[in-house]
Amino acid sequence: MTTASETGAVLTGDPREIQVTVDYLPAAEPFHHRYTPETLAEIVREAAMKFFGVQDRQERDTYHYFLEIHGTRITDTSQPISTFLEHGHELHFHLVEQITPGSLW
Amino acid sequence: MNARPYPAIDVWELDRSAIGATIAAVQRPAHDGKEGGVFWIGTRGQTSVVRAVVIPAGEGVVEAATFWRVTPEVFGAVSRWASERAWSLLGICHTHGEGIPAKLSIQDRAHLVRAPGVLAVVIGSGGREDNPQRWGWYEFASGAYRAIGPGERQRRLRLTSDADTEVWAADRRGCRPVANL
C-alpha cells in the first residue's frame, strides 16, 4: 500500500520504515511521523518546522533551524535519515535554532 | 500557526522558590558586569506550571555586558533533558545592566524564542532588582512579544509558596541538578 502523508513524504508500508520523533523545547508535544530510510533529513526538518510553526529567516541576523541528535547538529540535510540510525527503527531529533550575527555585530 | 504543540495558556503558576532561584542565578554574571539569564521549564497547558529553573552556564553560553546568548547545543541539551520529563520551555528570564530599562530591546525581540505563549522576562538593575513587579514581562503572541501589564499579570500570573522548584545547570554537555546556588 502506498499513501501520501500530510508532510509530503510517501509511506509505503515498508517494514524498514523509521518512526521519527522531533522535539522542540517550547512545544508541549513532539512531531511524530514514519519515514522510509531513504528520506532526506531535510524533508524531516521542513516537516518539523511546519508542525512547530517556525521558519528560517534572514533579518539583520540569520536564523536557521537545525535538527540535532545525540548532541550533534545535522548540518548536511541531504543525507538519508538512515545515516543517523544506531539501532532499531526509531530516531529522536531535537529542533534547535542557530542565530548567525549579521555584519553589524 | 499550528495550535497543537502550543496549548493556549490562561495562567502561569510560578513558585516563589523559582523567583528566588532566578535572582540567585543571575548574581554571578551580574557581579562581573555581564548579562545572564535562566530558562523557566515546566508543564504546559491551560495552567502552565514552572517546575524547574535551568541555568545555562559554561560551555555554549555567552555572557557579555550587553547581551546573553545560549548556543543551539545548549538548547539541544535542555531539550533532551526536558523531553524526558514531558516539560516545555515556558519562559526565558534575563538581566539588563545598570541604567538599561527592564524592557525587551529590539535585539531581544529578534533573538528570543518565537513560540506562542512563551514568556520573556527582563530583570533590571544588573540583576539586583528583586521585586518581580518591577521586572519587564512579555508574552509571545500573534508573531511578536507584547508587554503584560500589571492588571493582566494579576490575573494570569499565580505566585505560589508551597512548591519546591527544581534548579538545574545546563551546558552543551547536558543538564545537572544544582544543590546550592
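## Ground rules

Since the model is predicted, local features need pLDDT of at least 70 and side-chain atom pairs count only at pLDDT 80 or more, while totals for chains, interfaces and linings use all residues. Residues are numbered from 1 along each chain as its sequence is written, chains are lettered from A and ligands numbered from 1 in the order written, and side-chain values use heavy atoms, leaving out hydrogens and water.

## The nonpolar cores

Start with the largest nonpolar core, which has 57 residues. Here a core is a set of buried Ala, Val, Leu, Ile, Met, Phe, Trp, Tyr and Cys residues joined through side-chain atoms within 4.5 Å; buried means under 20% relative accessible area, exposed over 50%, and partly exposed in between, with a 1.4 Å probe and protein chains only. Those with the most contacts inside it include Val22(A), Phe52(A), Phe39(B) and Trp81(B). Helix α1 of chain A (residues 41-52) gives the most to this core, at 7 residues. Helices (H or I, at least four residues) and strands (E, at least two) are DSSP runs, numbered from the N terminus.

Apart from that core lies another, with 24 residues, among them Ala18(B) and Val121(B). As for Trp81(B), if you skip residues up to four places away in sequence, its contacts (heavy atoms within 4.5 Å) include Ile41(B), Trp87(B), Trp168(B) and Cys175(B).

## Where the chains meet

Chain A puts 28 residues into the contact, and chain B puts in 28 residues. The buried area comes to about 2,400 Å², with carbon and sulfur atoms giving 55%; that is the accessible area (1.4 Å probe) that two parts lose on being put together, summed over both.

There are 4 salt bridges between chain A and chain B, each being a side-chain nitrogen of Lys or Arg within 4 Å of a carboxyl oxygen of Asp or Glu. Arg73(A) and Glu73(B) meet in a salt bridge, at 2.4 Å from N to O. On the side of chain A that touches chain B, β3 (18-24), α1, β6 (62-69) and β8 (90-100) are the elements giving two or more residues. The largest share, 6 residues, comes from β8(A).

## A look at Leu40(A)

Leu40(A) sits in the loop between β4 (31-35) and α1 of chain A. It counts as partly exposed because its relative accessibility is 37%. Gln79(A) is 39 residues away along the chain, yet the two C-alpha atoms are separated by 5.4 Å. Leaving out residues up to four places away in sequence, Leu40(A) touches Thr77(A), Ser78(A), Gln79(A), Pro80(A) and Ile81(A).
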